[in-house]
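Let's take a walk through this one together. Have the sequence and the model open side by side, and follow along.

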Amino acid sequence: MDLNGAAAIISGGASGLGEATARELARIGATVVIADVNAERGKAIADELGGVFAHTDVSDETSVQAAVDAAVATGRPLRGVINSAGIGWAARTVARDGAPHDLAAYRRVIDINLIGTFNLMRIGAAAIAKTDPVDEDGQRGVVVNTASVAGIEGQTGQVAYSASKGGIIGMTLPAARDLAAIGVRVLTICPGIIDTPIYGSGPEAEAFKAKLSAPVPFPKRMGRASEFARLVRSLVENDYMNGEVIRFDGGIRFQPK
């Protein structure tokens with residue numbers, strides 16, 4: 001699968017892993033559609049990369065349909081759907097004061113992380129299905145979803161986040177089986193501890209990041225967004241990768257806390 005001359009839509013493309021992925025795919029010739037809620041940053045990145053910005057709430061069907069329509073409207077065949085949008089949340093199922101986990105907060109995490117991923121995958125794949133195959137295998141496109149190591153071994157306080165990411169992991173294989181009929185592959189990446197702007201900057205931030213990365217076996221550091229982006233590209237380009245969940249974590253295994 002060669003994205004040169006094709007369109008790719010990246011949710012969460014205005015920052016972090018999504019931005020790095022958008023930059024990598026644009027670098028190899030893709031027309032990128034930045035689907036994000038951050039209009040100012042998203043439009044600036046899209047303009048810089050010669051792409052398109054679509055203000056997108058991934059949990060909203062109409063919003064996602066408009067973003068996919070924007071990708072189709074580029075005139076390039078839509079070949080890549082990259083799900084990177086997501087939010088974090090930390091709260092115990094029952095707090096130390098005896099209060100139960102806030103249900104609205106749980107639903108919001110599920111809505112954005114899990115339902116949002118499915119929403120873009122299903123609508124994006126439907127658009128990909130209308131394109132011509134690119135090879136004798138009948139391949140039309142690729143979906144790469146972003147889960148987390150927390151979806152496999154969630155820590156204390158990650159019940160909502162882990163449930164959302166575990167759901168993404170769980171739908172990888174059945175989605176790949178479903179979409180085989182239209183020549184679309186589905187893959188999921190599970191990042192560990194990745195260095196993104198969310199951690200801030202300065203001595204305190206660096207000390208905190210050093211503490212986070214201490215349990216990583218090797219390399220003894222946080223992962224880089226650019227490394228994630230290269231993994232996305234590699235999965236897109238390797239036509240025999242399908243239905244797989246890939247850990248991207250330097251060998252770390254999360255402890256309870």
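Strand 1 (residues 7-11) runs alongside strand 4 (residues 78-83), and the two pair in the parallel sense over five bridges. Pick out Ile 9 and you'll find its bridge partner in strand 4, Val 81. Bear in mind that this is a predicted model.

Now zoom out. That pairing belongs to an open sheet of seven strands, ordered 3-2-1-4-5-6-9 and paired in parallel. Strand 3 (52-55) and strand 9 (244-248) are the edge strands, each pairing on one side only. On average, neighbouring strands of this sheet are turned by 20° against each other, direction ignored. Helix 2 (residues 39-49) packs on the sheet, where it touches strand 2 and strand 3, and its direction makes about 160° with that of strand 3.

Leaving aside residues up to four places away in sequence, Thr 31 touches Ala 6, Ala 7, Ala 8, Gly 50, Thr 74 and Arg 76.

The largest nonpolar core has 38 residues, and Ile 9, Val 68, Leu 78, Met 121 and Val 186 touch the most other members. Strands 1, 2, 4 and 6 each supply at least two residues of this core, and so do helices 3, 4 and 5. Which helix gives the most? Helix 4 does, with eight residues. Val 186 has contacts that include Met 121, Val 143, Leu 179 and Glu 244. Another core, of 32 residues, lies apart from the largest one; among its members are Leu 25, Ala 26, Ile 194 and Phe 228.

On to the charged pairs: a search of the whole structure turns up 16 salt bridges. In one of them, Glu 61 meets Arg 122, with the closest N and O atoms 3.2 Å apart. This pair links distant parts of the chain, since Glu 61 sits in helix 3 and Arg 122 in helix 4, 61 residues apart. Arg 122 is partly exposed, at 35% relative accessible area.

Asp 195 and Lys 209 also form a salt bridge (3.1 Å, N to O). Asp 195 lies in strand 7 and Lys 209 in helix 6, so the pair ties together parts that are 14 residues apart in sequence. Asp 195 is partly exposed at 34%, whereas Lys 209 is buried at 8%.

Methods: Residues are numbered from 1 along each chain as its sequence is written. This is a predicted model: local features need pLDDT of at least 70, side-chain atom pairs count only at pLDDT 80 or more; totals for chains, interfaces and linings use all residues. Side-chain values use heavy atoms; hydrogens and water are left out. Contact means heavy atoms within 4.5 Å. Two strands pair if DSSP finds at least two bridges between them. Helices (H or I, at least four residues) and strands (E, at least two) are DSSP runs, numbered from the N terminus. Axes are lines fitted to C-alpha atoms, for helices over the stretch in contact, and angles run from 0 to 180 degrees between N-to-C directions. A nonpolar core is a set of buried Ala, Val, Leu, Ile, Met, Phe, Trp, Tyr and Cys residues joined through side-chain atoms within 4.5 Å. Buried means under 20% relative accessible area, exposed over 50%, partly exposed in between (1.4 Å probe, protein chains only). A salt bridge is a side-chain nitrogen of Lys or Arg within 4 Å of a carboxyl oxygen of Asp or Glu.
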